[in-house]
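Subject: Structure handover and notes

Dear colleague,

Please open it first and then read the notes alongside it.

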Amino acid sequence: MMKSKHIVFASVLFFSQFICAQINLLNADDPSEIGVMSEEQKKQLSEIKFIKYPFVDDKDIMWSKIVYEEIDLSEKFNHPLFFPSDKLYTHERKSLWYTIRQAIIDKKIDNIYVGDNPNFNERISYERALEIIQNEKWDLTIASKDISSYIIKGVWYVDKRYGQLNYRLLGIQPISKIDIGVEVDILENGSQKSSEDSTKTPLFWIWFKDLRPILHKQFVFDDKNNASRITFDQLLTSRRFTSRIIGIDNVFNDKKINEYIDDPFMQLIESERLKNVIRDFEQDLWVN
């Protein structure tokens, strides 16, 4: 019995290293094979890593709040979403934007919505989405370095069956440093003006459930340990990032914080206040 336990433990340990370590790094006969999964590896990864959301009955939700947050990619803790640079690696190491952009180009994402409407009721066409990320007129493609942040829309809710506060990510919106609404100024060397001269522009909203099958196939690079790898889907669903609340659903048409508070410092204070509103609800839930 003890021997069989050791065998099972060794098998699990070996398989977890197989999944987590840099793919084919030790077994590659040619450098081009590094990071390229076999069909069997892809099958094993898809069967194990993708955890579907459980069904939540509406009558079991006793409290909920829709929250908008900004993930600032300049913050060090969020660098796994920002790096590496495009074309540095062609297989397993990609930024979040590179993964999303390639999925749109390859027509793997159907539900893309306008950037100024977070309610997911106004779709844009594939041609328009392609026009946003690849402007052939100006020979520009929005690269990972051009994405300054992501806005995420999610819902915090209390499921009375479990009596705990849970989070469900609903949508994600890339924010670009390039102003796609006007003609882009091109410098003499053919490059675009620096990001400091550009306007932050919301690109579009993507329904997160449509992204999950794509993101769970893409590993996130761990700067501390190459053998400890998670996918973008795991990173986002488990909230392994830093963010600040920029808005919460309200009677004023979900007005954002910067629309009723001008001072940047006071905006941070308000963001913390809203965060405490959500956190305190769970603590007060079971107070007699």
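This is a predicted model: local features need pLDDT of at least 70, side-chain atom pairs count only at pLDDT 80 or more; totals for chains, interfaces and linings use all residues.

Residues are numbered from 1 along each chain as its sequence is written, and side-chain values use heavy atoms, with hydrogens and water left out.

Salt bridges

The structure holds 11 salt bridges, a salt bridge being a side-chain nitrogen of Lys or Arg within 4 Å of a carboxyl oxygen of Asp or Glu. One of them joins aspartate 60 to arginine 161, with the closest N and O atoms 3.3 Å apart. Aspartate 60 sits in the loop between helix 2 (39-49) and strand 1, and arginine 161 in the loop between strand 5 (147-159) and strand 6, so the pair ties together parts that are 101 residues apart in sequence. Helices (H or I, at least four residues) and strands (E, at least two) are DSSP runs, numbered from the N terminus. Aspartate 60 is buried at a relative accessible area of 10%, whereas arginine 161 is partly exposed at 46%; here buried means under 20% relative accessible area, exposed over 50%, and partly exposed in between, with a 1.4 Å probe and protein chains only.

A second pair to look at is aspartate 249 with lysine 65, whose side chains meet in a salt bridge at 3.7 Å, N to O. This pair links distant parts of the chain, since aspartate 249 lies in the loop between strand 11 (244-248) and helix 8 and lysine 65 in strand 1, 184 residues apart. The C-alpha atoms of lysine 65 and aspartate 249 are separated by 6.8 Å. Both residues count as partly exposed, aspartate 249 at 21% relative accessibility and lysine 65 at 26%. Apart from neighbours within four places in sequence, lysine 65 is in contact (heavy atoms within 4.5 Å) with Gly154, Val155, Trp156, Ile248 and Asp249.

The pair formed by glutamate 131 and arginine 128, at 3.4 Å from N to O, is a local one by sequence: both residues lie in helix 5 (residues 126-133), 3 residues apart, about one turn of the helix. Glutamate 131 is partly exposed at 46%, and arginine 128 is partly exposed at 35%. Salt bridges that share partners also join Asp60, Asp159 and Arg161 into one network.

A buried arginine

Which side chain of opposite charge is nearest to arginine 168, and how far away is it? Arginine 168, in strand 6 (residues 164-176), is buried yet has no salt bridge, and the nearest such side chain, that of aspartate 159, is 7.7 Å away. The side chain of arginine 168 does reach the backbone oxygen of proline 54, at 3.3 Å. Not counting residues up to four places away in sequence, arginine 168 touches Tyr53, Pro54, Val56, Gly154, Val155 and Tyr157.

Helix 4 and positive phi values

Helix 4 (residues 96-105) is largely enclosed by the rest of the structure, because 8 of its 10 residues are buried; they are Leu96, Trp97, Tyr98, Thr99, Ile100, Arg101, Ala103 and Ile104. Just after helix 4, lysine 107 takes a positive phi of about 60°.

Most residues other than glycine have a negative phi. Phenylalanine 120, which is not a glycine, has a positive phi of about 55°; it is found in the loop between strand 2 (112-114) and helix 5 and counts as buried at 14% relative accessibility. Arginine 239, with phi near 55°, lies in the loop between helix 7 (232-237) and strand 11 and counts as partly exposed at 23%.

A nonpolar patch

Phe265, Met266 and Ile269 make a nonpolar surface patch of about 310 Å². Patches of this kind take residues with over 30% relative accessible area and no salt bridge, nonpolar side chains (Val, Leu, Ile, Met, Phe, Trp, Tyr) being joined within 5 Å; accessible areas come from the Shrake-Rupley method with a 1.4 Å probe. Isoleucine 269 is in helix 8 (residues 264-285) and is partly exposed, with a relative accessible area of 42%.

Best regards

Terms used:
Lys and Arg count as positive and Asp and Glu as negative; His and the chain ends are not counted. A polar contact is a pair of N or O atoms within 3.5 Å; within protein, one must be able to donate a hydrogen and the other to accept it, and residues adjacent in sequence count only if both atoms are side-chain atoms. Patches are made of residues with over 30% relative accessible area and no salt bridge: like charges are joined within 9 Å, nonpolar side chains (Val, Leu, Ile, Met, Phe, Trp, Tyr) within 5 Å.
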